[in-house]
Amino acid sequence: MNIVKASQHLNVVVEMASKLFLTFSCILFLASFMLPVLSHLQDPHLRPNTLSGNGGSLKAMQGCRKGDKVNGIRDLKLYLAHFGYLNYKKNPSATDLEENHFDEELEVAVKSYQVYYHLNATGILDEPTVSQIAMPRCGCLDKVTHGHTHNSIHTVSRYAFLPGTPRWNKGQLTYGFGPLFPARFIPPVDRAFGRWDAASQYFTFSRATSYQVADLKVTFQRVDHRDGSPFNGSGGVLAHAFSPPDGRVHFDADERWAIGAVPNAFDMESVAIHEIGHLLGLGHSQFQSAIMWSSFSSGVTKGLSSDDIQGLRALYGA
Ligand SMILES: [Zn+2]
Ligand SMILES: [Zn+2]
């Protein structure tokens, strides 16, 4: 029963992931569905995420390891594929038993995920790994899928760029808030832009004269908001943003947002700083102190780190 629930939950997440991915690029969409061989080229930023929000049911899969055949493994594969840890596509002709086989490739992918999140690379779906998967997080991908080798386990990477290194070709960017954006959360988002402004010699941010003409469009959205990447209610994915020059950033209206460190709520300014990083072309960082780290905790605030600034400098400084 629990395993079935975990499987259903994974399915929902994977569906979300797929949909988010679709919106980011029609070309990538076509590539992913018509040319599976190109899947490793998909923009990591384009895949979504999360499996979180339901650590309880996910825990039913806890302890799974290579050789196991358990319902939900296929969804774990899809989940890891969507986040850039595994080259995997659902095979319509394969049996459930085959698809739910915790095979060697999955073990490598789980190890890769564990390394990324600084967990023991056991390759087993152990408690720390399940807990990490259950963490609320950003809806964007962690990294580009590539052929994983054991070398990757020893790679120390921190900041990252989005695939294709999309960048702005101007330094003066305007931003605007959608009509339904809660007024009380405008000041923290203003401050978030201010943080990047102050820390970088590359950008200045100012409020646009209207939402329509803004380079960067900030909105609250909930569940299916017609960009192909529905939010999932409370928990799970908290927000997502689109790479340059798209400029859209969406916050999940079903989350409990706060100004500052409020227990069981997410600090709007901290999450906004993270999402602005994506708007500027930064990917997720493996440096846990970085604002571009993919997961968020409730009840805390977080700001830019030297890693984030180094990433921006590397992207725009040349
Ligand atoms: Zn993110
Ligand atoms: Zn959205």
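These are my notebook entries on what I looked up in this structure.

**Ground rules.** I am working with a predicted model, in which local features need pLDDT of at least 70 and side-chain atom pairs count only at pLDDT 80 or more, while totals for chains, interfaces and linings use all residues. Residues are numbered from 1 along each chain as its sequence is written, and chains are lettered from A and ligands numbered from 1 in the order in which they are written.

**Overall make-up.** I found 11 helices and 7 strands in the protein, taking helices (H or I, at least four residues) and strands (E, at least two) as DSSP runs numbered from the N terminus. Of the 318 residues, 47% are buried; a residue is buried if 20 or more other C-beta atoms lie within 10 Å of its own, exposed if 12 or fewer, and partly exposed in between, with C-beta atoms placed from the backbone. I then looked at contacts between residues at least 6 apart in sequence, and 75% of them join residues at least 24 apart, a contact being two C-beta atoms, placed from the backbone, within 7 Å.

**Helix α4.** After α4 comes G84, where I read a positive phi near 95 degrees.

**Backbone in the loops.** I noted a cis peptide bond from P244 to P245, with omega near 0 degrees, and P245 sits in the loop between β4 (239-241) and β5 (248-252). T165, not a glycine, has a positive phi of about 40 degrees and lies in the loop between α8 (150-154) and β1 (172-177); T165 counts as exposed because it has 12 C-beta neighbours inside 10 Å. V223 also has a positive phi, near 35 degrees, in the loop between β3 (216-221) and β4, and with 11 other C-beta atoms within 10 Å it is exposed.

**Packing of α9 on α10.** I looked up helix α9 (residues 186-199) against helix α10 (residues 268-280), which pack at about 45 degrees with their axes 8 Å apart, the axes being lines fitted to C-alpha atoms over the stretch in contact and the angles running from 0 to 180 degrees between N-to-C directions. That makes α9 oblique to α10, since angles under 35 degrees count as roughly parallel, over 145 as roughly antiparallel, 65 to 115 as roughly perpendicular and the rest as oblique. Among the residues making the contact are F193 and W196 of α9 and I273 and I276 of α10.
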